[in-house]
Amino acid sequence: MGFQRRTHTCGELRPAHIGQTVVLNGWVNSCRAHPDHIFLDLRDRYGLTQIVIDDTHPEMLAACQDVRSEWVLCVRGKARERLPDKHNSKLATGDIEVVAEEVTILNRCPTPPFEVMSIPKEGQTFADTEQANEDLRLQYRFLDLRRPTLQRTLAMRHRLNKVIRDYLDERGFLELETPLLGRSTPEGARDYLVPSRVWPGQFYALPQSPQIYKQLLMVDVNDKYFQIARCLRDEDLRADRQPEFTQLDLEMSFVEMDDVLSVIEGLTAEVFKRCIGATIPLPLPRIKYADAMLKYGSDKPDLRFGLEIVDLTEFHRESSHEQTRQFVERGAVIRGLVAKGAADKFSRKKLDEIKDYCKRLAQGEHLEVWIDAAKVQSDVFGSLFEKFLTAETRQAQRQRLGAEPGDFFLIIGTSKEEVTAQAMGMARNRLAADLKLVNPTTKDFKIVWITDFPSFIWDEDEKRFAANHHPFTAPMDEDLANLESAPGTVRAKAYDLVINGYECGGGSIRIHSPEVQSLMFKMLGMSPEQARQRFGFLLDALKFGAPPHGGIALGLDRFAMMLADTTNIRDVIAFPKNQKARDLMTGAPAPVDAKQLKELGL
């Protein structure tokens, strides 16, 4: 019969279609061949339908004996009800089957390097089979994309983009495009550079974000801009990071921080509701950066569990243990946390493993450090260091920790506050994993804003201040006077959106004054000439009536991770790079011809 356009998808047929002649196109999911009949499960992205080829068409039966998984077929036949004992409740099409009258093999397929999908076994749900090695799946990504989980994820990403566009369009935002080829601005992550053939020895940079362009858009009358933008950064990879990624880029004029946060909170609630049916209570909570670092040891805290951290430095200032007392006198910061009722869940070996883990975290900075982990007991010292405290101080420390007999506690001290905070934060996450405090089967979303970030961080290698977010972030109005005299105390009008311990967005109110922007560049070690060379166009634009403005960028890949309930960003991208930034399917990056290099002057 040759190819015929389908009349229905493989997930569409129901009892109402019984008796109708239909045409289906798809891939063979499985084949069970017998001398007098063949059962085929035909699959497309909409579902799966059972096809029956029987001996009423002997030539077709013989021709299909060699059909195998992933072959592409066109089937014309009549829908009929399955026998009463053959109904498959796991399939949406499980009440019917199609008796083939004509079958055309549109394409054959060699044995796949891994199984794409199979029919669920007895007692299982209709789900993917066990996955093959990830590198193998990335090499054959065109096959891997046939997996239902990836199909569902890509469909969810489509809905995510549509919800974003609809929501922002209803609120007067314009979707505008910004260039992919721009100027390299070496502040922040490394740029991907593109050599110019027309201008030998000169380079474009691919955008790390549309940051400067969207600010320039605010100088005109486009007061509400957004873009679903592709961005590229040449940085080290992690499970939640890729060299190229997608972000929702948004900017607004004549706004303060609350205006931006209100728009994003409404958008976030709409996305979760429309994409996965989850309700997000509004308004979202806000935590100041300093409080987040103290209580959770991280500026992207996972709030699905407790294990809050408390400061214990004062309790050890009067310790009878001389080394500890001197440690505190030299500026050490000591913090601790308690896992309620967890004493019996840790053996001595496990306690030692946790201590060693924390030491490795803290000693990476070559700092003085001590770790104390123990089970809380009422009649004996649970901790080596407790015995050097007075009974009154020991009781006060336990009250601060909220420690009771049967609990487990961990204390870390280092000679640098940020290292103590980081070590405690990573140990907190490790304990939560060990104690299984997060139920992976429960869709629990804890979303929070982190605000009041420091404007600057100290770069120990270059012995200068660097921008904590980027150089265009406005300082708090009340801290502006300290910009030159005490930059370490200056807070930024910056905010991050954190979901279950992942930073899923970050933004700020921008500097709209050319004088303040020039001063910011000065504080980052740029001379007026360097600032003019790198950012002269921005400084000029700010002089021409730039309004107060601010915005945010939401990492849509990480957002999709949350919605798809995965911790691997490659699970939500159609064609991702691996952890070494290689495309295993196409072989990129790859050498190029000498002729191409010569044309580029390289």
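Predicted model: local features only at pLDDT ≥ 70, side-chain atom pairs only at ≥ 80, totals over all residues.

**A strand and its sheet**

Strand S14 is mostly covered, since six of its seven residues are buried.

S14 belongs to an open sheet of four strands, whose order is S12-S13-S15-S14 and whose pairing is antiparallel. The edges of this sheet are strand S12, residues 310-311, and strand S14, residues 369-375, each of which pairs on one side only. As background, strands of a sheet pair through backbone hydrogen bonds, and the pairing may be parallel or antiparallel.

Let us now follow the pairing from S14 into the sheet. S14 pairs with S15 in the antiparallel sense, over seven bridges. Within this pairing, Ala-374 has Phe-409 of S15 as its bridge partner.

S15 comprises residues 408-414 and is also joined to strand S13, residues 333-339, by seven bridges; these two strands run antiparallel. One of the residues taking part is Val-333, whose bridge partner in S15 is Thr-414.

Helix H8, residues 322-329, lies across S13, S14 and S15. Relative to S14, helix H8 runs at about 125°.

Two packed helices are described by the angle between their axes and the distance between the axes. Helix H12 (residues 514-523) and helix H13 (residues 528-543) have axes that come within 9 Å and cross at roughly 160°. An angle over 145 degrees counts as roughly antiparallel, and H12 and H13 are therefore roughly antiparallel to each other. On the H12 side, the contact is made by Pro-514, Gln-517, Ser-518 and Phe-521. On the H13 side, the residues in contact are Ala-531, Phe-535, Leu-538, Leu-539, Leu-542 and Lys-543. The crossing in which H12 passes H13 is right-handed.

Thr-56 is found in the loop between strand S3 (47-54) and helix H1 (58-63). Thr-56 has a relative accessible area of 55%; because exposed means over 50%, Thr-56 is classed as exposed. The side chain of Thr-56 makes a polar contact of 2.4 Å with the side chain of Asp-54, and another polar contact, of 3.1 Å, joins the side chains of Thr-56 and His-57.

Key
Residues numbered from 1 in each chain as written. Heavy atoms only, no water. Pairing = 2+ DSSP bridges. Contact = heavy atoms within 4.5 Å. Axes fitted to C-alpha atoms, helices over the stretch in contact; angles between N-to-C directions. Buried < 20%, exposed > 50% of the residue type's maximum accessible area, 1.4 Å probe, protein only. Polar contact = N/O pair within 3.5 Å; in protein donor to acceptor, adjacent residues only side chain to side chain. Parallel < 35°, antiparallel > 145°, perpendicular 65-115°, else oblique. Left-handed = near helix turned anticlockwise from the far one by under 90°.
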